[in-house]
Amino acid sequence: MFTKILIACDGSNGAFAALEKATALALLAGAELYVITVYRHHSILEASLSMVRGDLKTENLDDTMRTVSREAAESAKAYARDKGVEKVHAFIKGGQSARTIVAFAKEKGCDLIVVGSRGLGSEEGYMLGSVSHKVTSIAPMPVLVT
């Protein structure tokens with residue numbers, strides 16, 4: 001069975017559904033659970049208040065994205081602990097989502113990655129280049145998309 005499971009969690013509903021599955025699998029297998037939230041550097045042209053919570057006022061958008069990401073990761077960690085997972089670790093990383101998720105899974109020796117789906121069909125997911133589609137394309141280990 002699995003010994004180290006990585007759950008990519010960004011705080012969205014899809015990511016929460018994936019977190020529920022990853023938590024259940026970790027409990028079933030007695031596995032360690034690694035939570036990762038990846039944020040991407042945003043240039044001034046990409047900056048938008050609609051992307052982040054308005055109550056967080058910082059001069060640097062990356063600082064805001066790090067704060068939101070840390071909250072998502074810690075919330076996921078708390079959820080898994082509340083459900084009974086004993087070994088759960090939370091991390092945040094900056095970078096391109098899919099590549100960062102896969103690189104982190106390799107670094108930690110994870111034997112399963114769990115990611116949420118946007119609920120799009122395979123053609124739409126391919127056209128949009130969703131993170132879940134990219135992770136399944138480049139990961140050397142099994143990927144569960146929920």
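How do the residues of the lining of the largest pocket divide into nonpolar, polar and charged? They split into 13 nonpolar, ten polar and three charged. Here Ala, Val, Leu, Ile, Met, Phe, Trp, Tyr, Cys and Pro count as nonpolar, Asp, Glu, Lys and Arg as charged, and the others, Gly among them, as polar.

Before going on, a word on what you're looking at. This is a predicted model, where local features need pLDDT of at least 70 and side-chain atom pairs count only at pLDDT 80 or more, while totals for chains, interfaces and linings use all residues. Residues are numbered from 1 along each chain as its sequence is written, and side-chain values use heavy atoms, with hydrogens and water left out.

**The overall layout**

The protein chain has five helices and five strands (DSSP runs numbered from the N terminus: H or I of at least four residues for helices, E of at least two for strands). Starting at the N terminus, the order is β-α-β-α-β-α-β-α-α-β. Out of 146 residues, 35% count as buried; buried means under 20% relative accessible area, exposed over 50%, and partly exposed in between, using a 1.4 Å probe on protein chains only. Take the contacts (heavy atoms within 4.5 Å) between residues at least 6 apart in sequence: 73% of them join residues at least 24 apart.

**The cores**

In soluble globular proteins, nonpolar side chains tend to be buried together. A nonpolar core is a set of buried Ala, Val, Leu, Ile, Met, Phe, Trp, Tyr and Cys residues joined through side-chain atoms within 4.5 Å. The largest one here has 19 residues, and Ile5, Ile7, Leu33, Val35 and Val114 have the most contacts inside it. Strand E1 (4-8), helix H1 (13-29), strand E2 (32-39), helix H2 (61-82) and strand E4 (112-115) each bring at least two residues to this core. H1 gives the largest share, with five residues. There's also a second, separate core of 16 residues, which includes Tyr34, Ile101, Cys110 and Val135.

Ile5 sits in strand E1. Beyond four places in sequence, its contacts include Leu25, Leu33, Cys110 and Val114. Ile5 and Val88 are 83 residues apart in sequence, yet their C-alpha atoms are 9.6 Å apart in space. Val35, again leaving aside neighbours within four places, touches residues including Ile7, Cys9, Ala73 and Phe91.

Here's how a few residues compare with the burial cut-offs:

| Residue | Relative accessibility | Class |
|---|---|---|
| Ile5 | 0% | buried |
| Cys9 | 6% | buried |
| Cys110 | 6% | buried |
| Ser132 | 11% | buried |
| Ile138 | 35% | partly exposed |

As for disulfides (pairs of cysteine sulfur atoms within 2.5 Å), the count is zero.

**Back to the pocket**

A pocket is found on a 1 Å grid over the protein atoms alone: an open set of points with protein on both sides within 12 Å along at least five of seven lines, whose lining residues have an atom within 4 Å of a point. Of its 26 lining residues, Asp10, Ser12, Val38, Ser97 and Val131 are the closest to its centre. H1, E2, H2, helix H3 (97-108) and helix H5 (131-138) each supply at least two residues of the lining.

Ser132 lies in helix H5 and, not counting residues up to four places away, touches Val115, Gly116, Ser117 and Val145. Ile138 is found in helix H5 too. With the same exclusion, Ile138 touches Ala98, Arg99 and Val102. Ile138 and Ala98 are 40 residues apart in sequence and 8.3 Å apart in space, C-alpha to C-alpha.

Note on methods
1 Å grid on protein atoms, 1.4 Å probe; cavity = no way out; pocket = protein on both sides within 12 Å on 5 of 7 lines; lining within 4 Å.
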